[in-house]
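Please read the following report alongside the sequence and the model. It covers strand pairing, salt bridges, nonpolar cores and backbone angles.

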Amino acid sequence: MTITWRELNSKDSAQVAKLTERIQHVDNPPYRTSRAEIEADFAADQRWRAFGAFAGATLVAFGHALFRPSQPPRVLCIGGVDPDYRRQKLGGRIVDLQLQAGQELLGGNEGDVVMHVDEGMAELVDVLASRGFTWTKTYYELRASLDSFPALQADPFISIVPWSADLDDELRLAVNDVTGQKWGSSPLSEQEWEEGRPHFSEQHSFIALDKSTDRAQIAGLVMCSLYKQDWQALGLKECYVDIFAVAEPWRQTNVGGRLLTAVMQQCAEDGLDAIGAGISSENDSGALDLYHSLGFRTVARTRAYTVHLSD
């Protein structure tokens, strides 16, 4: 059957979700992408381009490129090919279109086009290498069972408290401050903060408040989600750490460990099996050592492949 290509719009997100489900059913990665996550990628308030290959009226391959205003600016790319239509050079065409979209989204300025690749995808790595992409970073997926975890010494002035919607905007600003200082990330707007957590679990998220002065300060926070669509593929019920941030003045204390153990304790009480987290190879904050000290172990790796586009 002849393959036709066209641009995708937000109305196509349902077809992208169905195709993604078919792909993940066959490839069986240790996660599942929800419809809500795909709809977020196609949100009208974001800068993105997407395109699809059709066999008749059926979407059989897609590519998506999303602009992120970091330093340097980045274009994050995702995509996939229906298992029945592989080895027809559709993947290479997708990467070519994503590179074109990257140039357009960057507006002719310098920036990076980035693709995340799971382990075992050697053919995609070859396609990316032939287009000038190089391996720039590794992301480690970590997991710890909830059978046991240490009890850390409390600080009389620093309290670990449940997540509070009343502090939501202050928490957003705290995350922006930490990620801006450490990684040069652009600040999250109120809308990005709200829409970027479709599986957020307030019950499993905590705040560290330093009450040593007249006005309590946010010393750190841990924001978690329940990606229930992943549980069948994982074979366990897992709580996932989406954001873990400790402000600079408290990084030499046990605030980070107390936040994570608070999550672990709550998860255990709720009958969950494990807690997961992700960390980048560029993270030199000591977070990996902290995770290891709490029983986390590496269970999967994803590599970031990047090509730098100059103006």
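## Strand pairing

T134 stands opposite T306 in β12. The model is predicted, so local features need pLDDT of at least 70 and side-chain atom pairs count only at pLDDT 80 or more, while totals for chains, interfaces and linings use all residues. Residues are numbered from 1 along each chain as its sequence is written, and side-chain values use heavy atoms, with hydrogens and water left out.

Strands (E, at least two residues) and helices (H or I, at least four residues) are DSSP runs, numbered from the N terminus. Two strands pair if DSSP finds at least two bridges between them. Strands β6 and β12 pair in the antiparallel sense, over nine bridges. Strand β12 (residues 297-309) is also paired in the antiparallel sense with strand β5 (residues 111-118), over eight bridges. Within β12, Y305 is the bridge partner of M115. In a regular strand the side chains alternate between the two faces of the sheet.

## Salt bridges

A salt bridge is counted when a side-chain nitrogen of Lys or Arg is within 4 Å of a carboxyl oxygen of Asp or Glu. A search of the whole structure finds 13 of them.

| R6 | D12 | 2.9 Å |

Burial is described by relative accessible area: buried means under 20%, exposed over 50%, and partly exposed in between (1.4 Å probe, protein chains only).

D82 lies in the loop between β4 and α3 and R22 in helix α1, so the pair ties together parts that are 60 residues apart in sequence. D82 is buried at 7% relative accessibility, and R22 is partly exposed at 32%.

## Surroundings of R197

The loop that holds R197 runs between α6 (190-195) and β8 (206-210). The relative accessible area of R197 is 11%. Which residues does R197 touch, not counting those up to four places away in sequence? They are W163, D168 and M223, where contact means heavy atoms within 4.5 Å.

The side chains of R197 and D168 make a polar contact at 2.8 Å. A polar contact is a pair of N or O atoms within 3.5 Å; within protein, one must be able to donate a hydrogen and the other to accept it, and residues adjacent in sequence count only if both atoms are side-chain atoms. The C-alpha atoms of R197 and V263 are separated by 17 Å, and the two residues are 66 residues apart along the chain.

## Nonpolar cores

A nonpolar core is a set of buried Ala, Val, Leu, Ile, Met, Phe, Trp, Tyr and Cys residues joined through side-chain atoms within 4.5 Å. The largest has 33 residues, of which V222, V241, V263, I275, Y291 and F296 touch the most other members. At least two residues of this core come from each of β6 (134-145), β8, β9 (217-225), β10 (238-246), α8 (255-269), β11 (274-280) and α9 (287-293). Helix α8 gives the most to this core, with seven residues.

Leaving aside neighbours within four places in sequence, V222 is in contact with W163, S205, F206, V241, I243, F244, L259, L260 and V263.

## Positive phi angles

N28 is not a glycine, yet it has a positive phi of about 50°. N28 is found in the loop between α1 (13-27) and α2 (35-41), and it is partly exposed, at 46% relative accessibility. K89, also a residue other than glycine, has a positive phi near 65°. K89 lies in the loop between β4 (74-81) and α3 (90-105) and is exposed, at 76% relative accessibility.
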